[in-house]
Amino acid sequence: MSNPQANIKEIIKQEYIKCATDPVYFFRKYCYISHPVKGRVLFHLYPFQGDVLNDFRNNRFSIINKSRQLGISTLSAGYSLWLMMFNKDKTILCIATTQKTAANMIEKVQFMYNNLPSWLRGNQKPLADNKLSLKLPNSSQIIAASAASDSGRSYAVSLLIVDEAAFIEGIDKIYTSVKPTIATGGGIIALSSPNGVGNWFHKMYTEAELGKNDFKAIKLRWDLHPDRTGDWEQTERANMSLREFAQEYDCDFLGSGNSLIEPDNLSFYEQTFIQEPVERRFMGGDYWVWQYPDYSKSYIVCADVARGDSSDYSAFHVIDVEACEQVAEYKSQIDTRSYGNMLVSVATEYNNALLVVENANIGWDVINTIIEKGYQNLHYSPRINGDISADKWMSKMESEQTVPGFTTSAKTRPLVIAKMESYIRDRHFIFRSKRLLEELRVFIWLNGKAQAQGGYNDDLVMALGMGLFTRDTGIKFHSQGLESSRAAIAGISSTGYGGGYGSMPMMPNGTPNPYQMETQYGVEDLGWMMG
């Protein structure tokens, strides 16, 4: 007769081996989770969840761009438990947006562990079991940590789990600090719904798709879930904005996030206007030209000046004033004197364009070079104290309380950005540069301020804002006939009316025509400016 006890031991042994070698089997047979509606239930994996689990096993580094409510955080918790159960001395570190969120992962692991059969769990109690950690008798452990730059530095991490990675501020520094601890064979699972472009999660996922890093890119849209039908989608879309649905369910980087410019508008520009320049000039080909000068037109050259550090760039645009269209662009690192000489050369080529140069910090070095060269059509800004508005700007310009260059300050910056945003939102400005497009994609609202995403630049964006703001205020200033050569648009002569403008053609009643002006190129019709 067979020994029943021996048979049971053999069955347990075989079951243990199956669980140890196949995490999918372990999940479906013995892993219980807490369902928000059904309560305690076995984790019956959907096919896509089983595929993801196998991806975890077969790849040291996994990055998951996922829809909400697909059970991937719970799956990661279960995978962590499986590693701990069947391996000694494993340390799993879980980082999330807050320590409380990371602790939720520990809670899921604890629930699964406590509901295992006794022959799997064993008779020994955990060495540590609290809200922030679980340590098993075999010395394998999982720990929750806050999203601090030194998180995990003191651990030899076997597996790092980063939950909602796109929403963790400073995750790039955390990743840098933890990466050396996993260099000897550890792994990483980074999972998140998207949060716009330009952040660490977006960069790492995009590079993974292109095969430029060691991560396995996994994309999990809402429609992978068998319970989510077209009717479900229709209901959800009716209750959410396009941006919210793109972020929560569509795995759409461009449609999510807090970008200043709506993604739909950026997509429109990309599909409609973006094109390669007809010519690239200067060393490195950093000066891009789409249209050559037309001497019947007026232009603005608007320039942002680098702060001087290695991560910053000097940048300018050449704008056709009447067509409101970008015709040339530059972005590179260059010394201030060479930059000033270059700006004079380009502005002169484009019909003695109005030259608008930021005067903050080392911008004065560029402006001094321009003045030394004797360039006459340099933009001047009003001296402003206190709050600023477009009307106050104009009244200050009229009183000639001005300084050379464009003054960007905490007061003027919001006006400049708002002007640029309105032009692009209404699609009144045409630009063709993919460099500018990429900067606009990572120009976001952060802590109530519009600025470049961490690790990116906004040099072209700010240069454009100055140019479009000046187009409005400068043109009104010009068309009203205010007596200042400093705000003249595009090569207006320095003789005649008021000592600062060309003479104004007369109307039949003998009064000056405010919509026309005599320039060195003939009578310029300014009526379109007032439309």
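Modeller: In this predicted model, R280 lies over the face of W288, 4.6 Å from the ring centre. The face of W288 also has R435 over it, and here the distance to the ring centre is 3.6 Å.

Turning to ring against ring, the structure holds 31 aromatic pairs. One of them joins Y16 and F86 edge-to-face, with 5.1 Å centre to centre and 75 degrees between the planes. This pair links distant parts of the chain: Y16 belongs to helix α1 (residues 4-21), while F86 is in the loop between α4 (72-85) and β4 (91-95), 70 residues apart. Y16 is partly exposed because its relative accessible area, 34%, falls between the 20% and 50% limits. F86, at 16%, is under 20% and therefore counts as buried.

Another edge-to-face pair is formed by Y299 and Y350, at 5.0 Å centre to centre and with 75 degrees between the planes. Y299 lies in strand β13 (residues 299-304) and Y350 in the loop between α12 (336-349) and β16 (354-357), so the pair ties together parts 51 residues apart in sequence. Both Y299 and Y350 are buried.

I143 lies in strand β7 (residues 141-145) and is buried, with a relative accessible area of 10%. Leaving aside residues up to four places away in sequence, I143 touches T91, I92, L93, C94, I106, L132, S133 and Y155. D472 is in helix α17 (residues 459-479). Its relative accessible area is 16%, so D472 is buried as well, the limit being under 20%. With the same exclusion of sequence neighbours, D472 touches K419 and Y423.

For the chain as a whole, the secondary structure comes to 17 helices and 22 strands. Buried residues make up 52% of the 531 residues. Of the contacts between residues at least 6 apart in sequence, 66% join residues at least 24 apart. The accessible surface comes to about 24,500 Å², and 48% of it belongs to carbon and sulfur atoms.

Note on methods:
Residues numbered from 1 in each chain as written. Predicted model: local features only at pLDDT ≥ 70, side-chain atom pairs only at ≥ 80, totals over all residues. Heavy atoms only, no water. Helix = DSSP H or I, 4+ residues; strand = E, 2+ residues; numbered from the N terminus. Buried < 20%, exposed > 50% of the residue type's maximum accessible area, 1.4 Å probe, protein only. Contact = heavy atoms within 4.5 Å. Areas by Shrake-Rupley, 256 points an atom, 1.4 Å probe, with all protein chains shown as cover. Phe/Tyr/Trp six-rings, centres within 6.5 Å; stacked < 30°, edge-to-face > 60°. Lys NZ or Arg CZ within 6 Å of the ring centre and 35° of its normal.
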